[in-house]
Amino acid sequence: MDSLWVVICACLVFFMHAGFALVESGFCRRKNAVMVLLKNVGVLSVSSLVFYAVGYGLMFGEGNAFIGLSQLFPSGGSEVSGLPIYVFLFFQLVFAATAATIVSGAVAERARLGTFMAFTVLTTALIYPIVGHWVWGGGWLSETGFHDFAGSTVVHAVGGALALTGAVLIGPRLGRYGKDARVMPAHNIPLAALGVLILWLGWFGFNGGSTLSADAEGIAPVILVTNLSAAAGFVAALMHSRMRSGGLDLSMALNGALAGLVGITAGADVIAPGEAMIVGVISGVVVVEGVMLLDRMKIDDPVGAISVHLICGVVGTLAVGVFASGAETSGLLHGGGFGLLGTQALGAGAAVGFALATGGAAWLALKQLPGGIRVPEQHEVEGLDLAECGVEAYAAGKSGVAEPEAPTEAALPMVLADEVAS
Amino acid sequence: MDSLWVVICACLVFFMHAGFALVESGFCRRKNAVMVLLKNVGVLSVSSLVFYAVGYGLMFGEGNAFIGLSQLFPSGGSEVSGLPIYVFLFFQLVFAATAATIVSGAVAERARLGTFMAFTVLTTALIYPIVGHWVWGGGWLSETGFHDFAGSTVVHAVGGALALTGAVLIGPRLGRYGKDARVMPAHNIPLAALGVLILWLGWFGFNGGSTLSADAEGIAPVILVTNLSAAAGFVAALMHSRMRSGGLDLSMALNGALAGLVGITAGADVIAPGEAMIVGVISGVVVVEGVMLLDRMKIDDPVGAISVHLICGVVGTLAVGVFASGAETSGLLHGGGFGLLGTQALGAGAAVGFALATGGAAWLALKQLPGGIRVPEQHEVEGLDLAECGVEAYAAGKSGVAEPEAPTEAALPMVLADEVAS
Amino acid sequence: MDSLWVVICACLVFFMHAGFALVESGFCRRKNAVMVLLKNVGVLSVSSLVFYAVGYGLMFGEGNAFIGLSQLFPSGGSEVSGLPIYVFLFFQLVFAATAATIVSGAVAERARLGTFMAFTVLTTALIYPIVGHWVWGGGWLSETGFHDFAGSTVVHAVGGALALTGAVLIGPRLGRYGKDARVMPAHNIPLAALGVLILWLGWFGFNGGSTLSADAEGIAPVILVTNLSAAAGFVAALMHSRMRSGGLDLSMALNGALAGLVGITAGADVIAPGEAMIVGVISGVVVVEGVMLLDRMKIDDPVGAISVHLICGVVGTLAVGVFASGAETSGLLHGGGFGLLGTQALGAGAAVGFALATGGAAWLALKQLPGGIRVPEQHEVEGLDLAECGVEAYAAGKSGVAEPEAPTEAALPMVLADEVAS
């Protein structure tokens with residue numbers, strides 16, 4: 001029964017990738033929507049293959065305090081945490097893909113496909129599994145009392161830190177900052193809103209499945225606080241952004257819901273409903289400030305991924321130290337020598353630091369490849385969909401017209417692909 | 001295991017809110033799509049917080065025949081109906097949000113956000129919990145033999161009646177009736193169709209979870225009849241609307257599927273598959289007639305919520321009295337002094353009457369506030385998205401163009417928000 | 001618990017119909033999107049009613065080696081395969097609807113609604129149940145050692161073969177081939193991508209539920225290999241189509257993911273993870289070649305359904321013979337006199353042959369009806385949405401404009417419906 005629950009939760013987490021795909025393509029400009037989708041489904045696919053082949057072994061294999069070193073291409077038959085290995089593996093696989101996909105939003109509309117996919121391979125084969133090993137695979141952080149229930153740090157802060165390295169090193173979109181600075185509005189807000197609701201749904205699996213057991217007494221509060229924190233995050237971000245800018249900003253409020261979800265993820269098993277609402281409110285306010293701060297720093301993140309996942313991931317990790325004092329007193333959690341809050345800060349700092357260092361190094365290395373990490377300027381101006389995919393997201397055919405606007409086959413736009421990808 | 005099933009069903013019901021968001025935004029005009037989404041996610045968020053804090057206690061707390069009076073901000077540890085309280089609470093919470101969100105479709109495109117959200121607070125804190133207490137919380141209707149398995153009356157007729165009060169008291173959209181009367185066509189039918197399929201899916205949780213147990217013998221017929229009634233409703237509404245207007249009306253047929261779902265909800269546990277198809281056909285025909293009737297009465301309901309939820313909710317409640325005679329004979333149901341059909345009519349009448357009275361009073365009270373319950377006329381003409389949210393649902397960026405149409409930051413439309421909301 | 005798992009999986013398979021609806025409408029032209037959706041939800045509805053009434057009995061009723069002959073309008077109380085009959089029936093019902101809906105994509109944009117729905121009735125009442133009886137209902141193929149775990153042949157190859165008969169006999173869309181041949185680009189790629197992700201999710205239920213038990217040891221590898229094959233199919237189709245045409249073709253890659261899913265379906269219970277990736281790669285390459293081949297043969301399939309479901313369904317069926325030699329050696333599978341691969345070829349050949357013959361005959365018979373199987377040319381040029389449904393998928397209302405483009409009620413386009421449908 002435990003396995004059944006975890007499989008169902010893994011399916012919900014899998015579905016989060018549809019959510020990410022919609023949020024990221026919806027928040028981007030129309031001319032790049034196809035490429036965003038290609039990257040998102042590509043991340044899901046590549047992560048699945050790479051994490052199965054390599055990442056799982058480095059995260060959960062026998063090894064040392066830093067890294068696991070066995071279980072490449074794992075085969076069935078054994079058990080992990082009381083679950084058949086393939087159940088546990090599939091659940092972990094969709095988590096790994098989540099960490100990797102966070103990056104794609106922050107570098108959307110200008111990252112080169114080939115190098116981005118190479119970065120995804122590095123993320124799911126190495127960077128994420130190593131941090132994961134520290135916390136969940138028996139590594140050094142797991143012995144300090146550091147508590148990250150479902151991955152505010154391991155998944156979200158790490159993914160968000162990698163996103164930050166990408167956004168900084170690839171640079172902002174053309175025309176986003178500087179003297180002709182333009183807002184680049186979301187091209188399809190209904191899709192983005194649907195994406196957020198799918199993510200919210202998937203999070204019940206993300207947090208609920210992290211119990212790794214079907215014990216209802218354990219699952220029920222996790223699900224409830226997850227929902228309350230998201231709800232509070234939505235309301236708080238809506239009201240706080242209203243206060244800051246005077247308008248009703250749905251995009252910001254949707255990011256507030258995601259912020260509430262990220263924020264509750266580290267402590268969903270130890271934080272009570274009333275406190276979860278506070279965590280949601282804090283996350284909702286912080287995400288708004290984070291987006292504005294990054295914007296002032298001219299770090300261009302088309303979907304707000306850095307603020308949602310990195311900043312609120314750290315907030316959520318620290319929230320365990322602040323709000324779970326009951327659990328600390330009762331001996332459920334113990335912070336070791338630094339106290340619980342200090343240990344949480346230590347763990348988040350180590351994970352984020354490692355991700356910033358390795359992610360930065362990876363982008364810098366990839367930059368040396370022919371073609372680099374950024375699309376050619378003329379592709380960016382034209383839009384990646386026409387320039388690299390040869391299509392538009394929404395073909396222009398009109399009702400009642402015999403489609404004179406569609407090209408004949410001979411005139412089909414041929415993609416000159418040499419500068420596109422690996 | 002019971003808990004697991006109910007949690008999974010609650011997640012499905014949660015997902016219905018994505019369905020409502022898509023149906024309502026898809027059926028509305030393009031210029032208001034963002035505001036519709038803002039209201040829908042807002043209802044979900046506010047309902048979650050308010051029902052947890054207050055509504056649950058008034059619905060299920062110890063009290064009298066009319067209202068519960070304990071269990072505000074419930075905490076864990078106890079059991080309800082054999083489930084951990086947080087399982088039961090989360091399932092009830094997503095139901096409460098469903099009742100509240102029904103209203104938003106009927107008042108879409110012209111209700112003022114602030115007062116609408118205040119109405120949502122009243123709905124989930126007071127109106128819905130009180131009716132819920134009568135039927136499911138041990139109140140007076142629960143002792144009469146009234147049978148409302150999953151809420152044709154408690155959720156749908158009550159939500160639909162509240163929607164009716166809003167549609168009437170806020171009034172029709174500008175230009176909808178009168179000498180220049182215009183049809184206001186759905187702006188995104190694919191989204192609306194997806195929304196209906198998500199609702200259909202979610203209904204398996206809505207009805208299937210209402211067994212509150214994982215007994216497969218009990219769940220299986222519930223799921224099957226739910227599907228058959230929806231299918232029959234779709235076909236019946238398509239054919240009946242064809243007969244009435246000569247065209248193939250997908251929107252009407254989609255509402256027919258929803259009508260079939262609402263219609264089977266009260267008796268999904270006692271109605272056989274063959275009879276479920278009849279219930280679906282009746283609901284599908286009735287919803288078409290209902291939409292046409294409301295239109296003749298110049299009650300403007302952009303999405304058909306009143307016909308689907310109020311009218312078919314009542315139809316479904318009465319259907320128990322008509323089709324569940326087997327269950328009555330066998331002693332599973334007993335209608336008390338009025339007979340089963342009479343008791344069903346009594347329960348539906350009492351719930352709808354209470355919702356009409358309280359909902360009407362609430363809108364009238366909110367109308368006295370500065371700003372009232374309706375957006376300014378110039379906002380309605382311009383569209384709420386640009387006027388109040390400062391964005392369009394689908395930004396106009398074109399492929400192959402360096403986006404000259406996007407405003408520079410200095411020229412961003414600043415929202416004059418004083419008349420907008422709370 | 002087995003029942004619970006199967007019900008949950010059935011809900012996931014149900015949700016695949018939302019996936020099909022989005023893929024098919026997204027890949028079609030804007031002017032036909034509403035009609036595609038109408039057909040898809042219509043297929044789901046009609047299949048539900050017809051398979052409950054007739055199809056189930058012909059598939060699983062007592063009968064002979066060719067067809068079942070009892071259990072029309074089945075009622076509850078009995079058990080099948082250890083499950084309450086309604087559980088088993090609902091799971092089978094959503095499978096039947098899947099086979100039927102595969103056809104709609106291939107004949108989209110020009111099939112006449114009335115005759116198409118008649119074909120759907122034949123499919124779910126007769127053609128699919130007969131083949132299903134052969135393999136899963138105790139018929140002649142079930143005794144040969146033929147292995148089709150979740151339906152690469154029974155559902156996908158049969159559905160794809162019926163799709164082929166339709167595409168050939170109805171003929172290509174106007175202007176698709178010939179001297180003014182035009183590519184007819186997808187009108188909404190984000191919707192189609194979402195559809196594919198929903199199908200991918202649903203497939204975990206499609207394959208995972210086909211164990212008909214909640215045994216985690218059995219489910220876990222099924223889910224894992226399903227995911228790996230889809231991922232490998234996506235990557236392989238993206239790279240292979242790039243090699244063939246020089247561009248990045250997201251639509252083709254999405255079909256590659258579906259191809260990987262179809263390909264693994266026959267052997268998801270006996271194929272190991274490493275081999276599943278090979279099956280995915282083969283399917284991803286084959287689907288690209290299949291689409292190009294059909295195009296050279298001037299068989300017009302707007303969504304690629306024939307290549308995905310028929311060709312990769314056969315590939316997947318044969319893959320059992322190639323990759324499951326371990327299972328054959330261990331006695332889990334036995335191919336009888338022809339060897340396993342020969343038996344797989346025999347089964348796939350018999351099923352596809354039967355579907356081609358009966359499907360072809362059915363379209364030819366329907367062609368004799370007044371109105372035939374194809375829409376009038378002027379409807380096709382104008383677009384079925386305006387011509388037959390009286391609406392556009394995306395009504396043109398603009399922000400900031402008082403909608404002068406919307407017709408007054410008096411001028412509403414009246415559908416001349418005599419040639420439309422039954």
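I began with the superposition of chains, for which copies are fitted by least squares on the C-alpha atoms of residues with pLDDT of at least 70 in both. I noted that this is a predicted model, in which local features need pLDDT of at least 70 and side-chain atom pairs count only at pLDDT 80 or more, while totals for chains, interfaces and linings use all residues. Residues are numbered from 1 along each chain as its sequence is written, and chains are lettered from A and ligands numbered from 1 in the order in which they are written.

**Symmetry.** I looked up how chain C lies on chain B, and a rotation of 120° with 0.0 Å of shift along its axis superposes chain C on chain B, with an RMSD of 0.0 Å. That is the relation of a three-fold axis. I then asked which residue of chain C comes closest to the rotation axis; Met1(C) does, at 4.7 Å for its C-alpha.

**Chain C against chain B.** Counting two residues as in contact if their C-beta atoms, placed from the backbone, lie within 7 Å, I find 55 residues of chain C in contact with 50 residues of chain B. At least two residues of the chain C side come from each of helix H1 (2-27), helix H2 (33-60), helix H3 (85-106) and helix H14 (384-389), where helices are DSSP runs of H or I with at least four residues, strands are runs of E with at least two, and both are numbered from the N terminus. H1(C) gives the most to this side, with 12 residues. By class I have 40 nonpolar, 12 polar and 3 charged residues there, with Ala, Val, Leu, Ile, Met, Phe, Trp, Tyr, Cys and Pro taken as nonpolar, Asp, Glu, Lys and Arg as charged, and the others, Gly among them, as polar. Only 5% of the interface residues of chain C are also interface residues in chain B, so the copies meet through different surfaces.

**Chain B against chain A.** This contact takes 55 residues from chain B and 52 residues from chain A. On the chain B side, H1(B) gives the most, with 12 residues.

**Chain A as a whole.** I count 14 helices and 2 strands in chain A. Its radius of gyration, taken over C-alpha atoms, is 21 Å, close to the 22 Å that the globule rule gives for 422 residues, so chain A is as compact as a globular protein of that length; the rule is 2.2 Å times the number of residues to the power 0.38. Buried residues make up 69% of the 422 residues, where buried means 20 or more other C-beta atoms within 10 Å of the residue's own, exposed means 12 or fewer, partly exposed lies in between, and C-beta atoms are placed from the backbone. Among contacts in chain A between residues at least 6 apart in sequence, 77% join residues at least 24 apart.

**Two backbone angles.** Leu212(A) has a positive phi of about 55° although it is not a glycine, and I place Leu212(A) in the loop between helix H6 (189-208) and helix H7 (216-245) of chain A. Is Leu212(A) buried or partly exposed? Leu212(A) is partly exposed, because 19 other C-beta atoms lie within 10 Å. Ser81(C), also not a glycine, has a positive phi near 50° and sits in the loop between strand S1 (79-80) and strand S2 (83-84) of chain C.
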